[in-house]
Amino acid sequence: MTGATLPAMKAAYYEHVGPARDVLVLGSLPDPQPGPGEVRVRIQWSGVNPSDVKSRAGLRSAVMPFPRVIPHSDGAGLIDAVGEGVPSSRLGERVWVWNAAWGRAFGTAAEYVCLPSTQAVTLPDHIAGEAGACLGIPALTALHAVLMDGGVAGKRVLVAGGAGAVGHYAVQMATQMGAAQVIASVSSKEKASVVREAGADEVILYKDEPLVERTRELTRGHGIDRIIEVDIAANGAQNADLLAANGECVAYGSSGAVAVPFFPLIAKNLQFKFFIVYHLTAADRQRAQGALQHMLERDQLVHRICDRYALQDVVAAHERVESGQAIGNVVVGRD
């Protein structure tokens with residue numbers, strides 16, 4: 001119709017990479033419409049993860065992947081429209097979403113997002129929407145790190161950065177999935193309290209205590225069977241000393257390049273493994289998602305939301321994540 005105004009949604013977006021205050025824009029964009037096999041989710045909460053701020057800052061690549069990007073891969077809300085091939089019974093369903101902004105131009109920092117139906121997962125009624133916005137990256141990363149290669153039952157596990165968004169989930173999951181001992185390393189007494197409440201058997205303040213010696217003491221000389229590693233570049237060299245013979249380090253993050261200490265690794269038959277949650281195989285994702293849904297339905301997890309921002313304050317949310325001071329997850333909600 002001539003002169004008609006298309007419905008417009010609020011969205012945060014950027015057209016250049018750089019500092020949040022310089023490139024993030026809050027504006028209006030046309031409401032998206034679901035295509036075949038897609039659902040449209042009316043976003044109530046959007047999760048802000050380190051990967052989101054690194055992409056916006058240009059730390060992954062200085063080249064924009066699309067002319068305009070609405071950031072954030074995680075979110076939660078209600079399905080309010082479905083595309084061809086998606087049953088209408090999904091209308092009104094509470095869901096959490098994953099990979100919304102991975103390889104796509106339009107993430108969850110908006111009032112609406114359209115994505116494949118399989119990427120919108122039922123959120124149990126008793127789970128808060130803010131928690132739903134923390135599942136796609138933090139919870140699934142933690143769960144895959146715990147479940148992969150036979151799991152952690154009977155093993156001694158060290159969760160590096162146990163008070164972080166991923167680490168806090170990993171401590172809970174390793175504890176509940178039969179680890180013989182769960183140790184968490186943290187940088188402060190405040191964080192130590194957080195991981196003890198999450199179920200850690202022991203906590204090491206790595207800035208104040210010798211990590212290797214303290215770990216040997218706590219494991220009675222056995223060493224660690226699996227390290228769940230937040231920063232392999234910073235911690236990789238000492239991990240060879242922390243691990244027991246035939247142990248493994250599962251790394252999901254790094255602050256830079258990694259130098260592999262080959263001879264210490266081969267002498268103890270150690271394994272260093274790497275993964276990124278965006279690229280889980282279909283089988284691994286199905287396993288992790290199924291286990292996570294089981295835990296959610298039984299309300300077995302504590303979801304630590306440390307900061308909540310309105311969409312109009314998305315710049316402050318990004319800066320909070322970049323500060324490294326957030327103890328838990330940062331989320332952005334509808335105004």
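This is a predicted model: local features need pLDDT of at least 70, side-chain atom pairs count only at pLDDT 80 or more; totals for chains, interfaces and linings use all residues.
I started with helix H4, residues 135-147, and compared its span with that of a straight helix.

Next I looked up burial along H4. I find 13 of the 13 residues buried, so H4 is largely enclosed by the rest of the structure. The cut-off I used for buried is under 20% relative accessible area. I then checked what follows the helix. Asp-149 comes after H4, and its phi is positive, near 50°.

I turned to the sheet. In what order do the six strands of the open sheet lie? I read S10-S9-S8-S11-S12-S13, with parallel pairing. The edges are S10 (202-205) and S13 (271-274), and each of these pairs on one side only. From one strand to the next, I get an average twist of 20°.

Strand S9, residues 181-186, runs parallel to S10, and four bridges join the two. For Ile-183, I looked up the bridge partner in S10 and found Glu-202.

Last, I asked which helices lie across S10. Helix H6, residues 189-198, lies across S9 and S10. I note its direction at about 165° to S10. Helix H7, residues 211-218, lies across S9, S10 and strand S11 (224-229). H7 also runs at about 165° to S10.

How values were computed:
Residues are numbered from 1 along each chain as its sequence is written. Side-chain values use heavy atoms; hydrogens and water are left out. Two strands pair if DSSP finds at least two bridges between them. Axes are lines fitted to C-alpha atoms, for helices over the stretch in contact, and angles run from 0 to 180 degrees between N-to-C directions. Contact means heavy atoms within 4.5 Å. The expected span of a helix is 1.5 Å times one less than its number of residues. Buried means under 20% relative accessible area, exposed over 50%, partly exposed in between (1.4 Å probe, protein chains only).
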